[in-house]
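Please keep the structure in view while reading.

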Amino acid sequence: MELTRRQEIMAMLRDGEWTLDELARNFVVSKKVIIDDLEHISRTVARPSRLLIHPPTCEGCGYRFKDRTKFNDPSRCPMCKNEHLRSQRFRIV
Ligand SMILES: [Zn+2]
């Protein structure tokens, strides 16, 4: 039986950390599609596993985004307005 994209994403996230860009590239879909998948996965992943978000950080001032509940990447740093941000990464633990 062929795995669905969401099942494949879950398998990847159990193996390592991935950014939205990497996942979108891997499956040749838009980031929006991946965000929908991640929202679905976060609701359905079986306990005690959970979807973990390693927060984005600012390459300019080192600001670390925290308490993020959204799966999209922020566009810029709230502290120094730098747009060069290190993408958040996802994994299942
Ligand atoms: Zn910054």
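Predicted model: local features only at pLDDT ≥ 70, side-chain atom pairs only at ≥ 80, totals over all residues.

**Helix H1 to helix H3**
- Asp-37 and Arg-5 meet through their side chains in a salt bridge, with an N to O distance of 2.6 Å.
- This pair links distant parts of the chain, since Asp-37 belongs to helix H3 (residues 31-44) and Arg-5 to helix H1 (residues 5-15), 32 residues apart.
- Asp-37 counts as buried, at 0% relative accessibility, whereas Arg-5 is partly exposed, with a relative accessible area of 31%.

**Loop to strand E5**
- A salt bridge also joins the side chains of Glu-17 and Arg-89, at 2.7 Å from N to O.
- Here too distant parts of the chain are linked, with Glu-17 in the loop between H1 and strand E1 and Arg-89 in strand E5 (residues 89-92), 72 residues apart.
- Glu-17 counts as partly exposed at 30% relative accessibility, while Arg-89, with a relative accessible area of 15%, is buried.

**Within helix H3**
- Lys-32 forms a salt bridge with Asp-36, and their closest N and O atoms are 3.0 Å apart.
- Because Lys-32 and Asp-36 are four residues apart in helix H3, about one helical turn separates them.
- Lys-32 counts as exposed at 51% relative accessibility, and Asp-36 is partly exposed at 33%.

Technical notes
Residues numbered from 1 in each chain as written. Heavy atoms only, no water. Salt bridge = Lys/Arg side-chain N within 4 Å of Asp/Glu carboxyl O. Helix = DSSP H or I, 4+ residues; strand = E, 2+ residues; numbered from the N terminus. Buried < 20%, exposed > 50% of the residue type's maximum accessible area, 1.4 Å probe, protein only.
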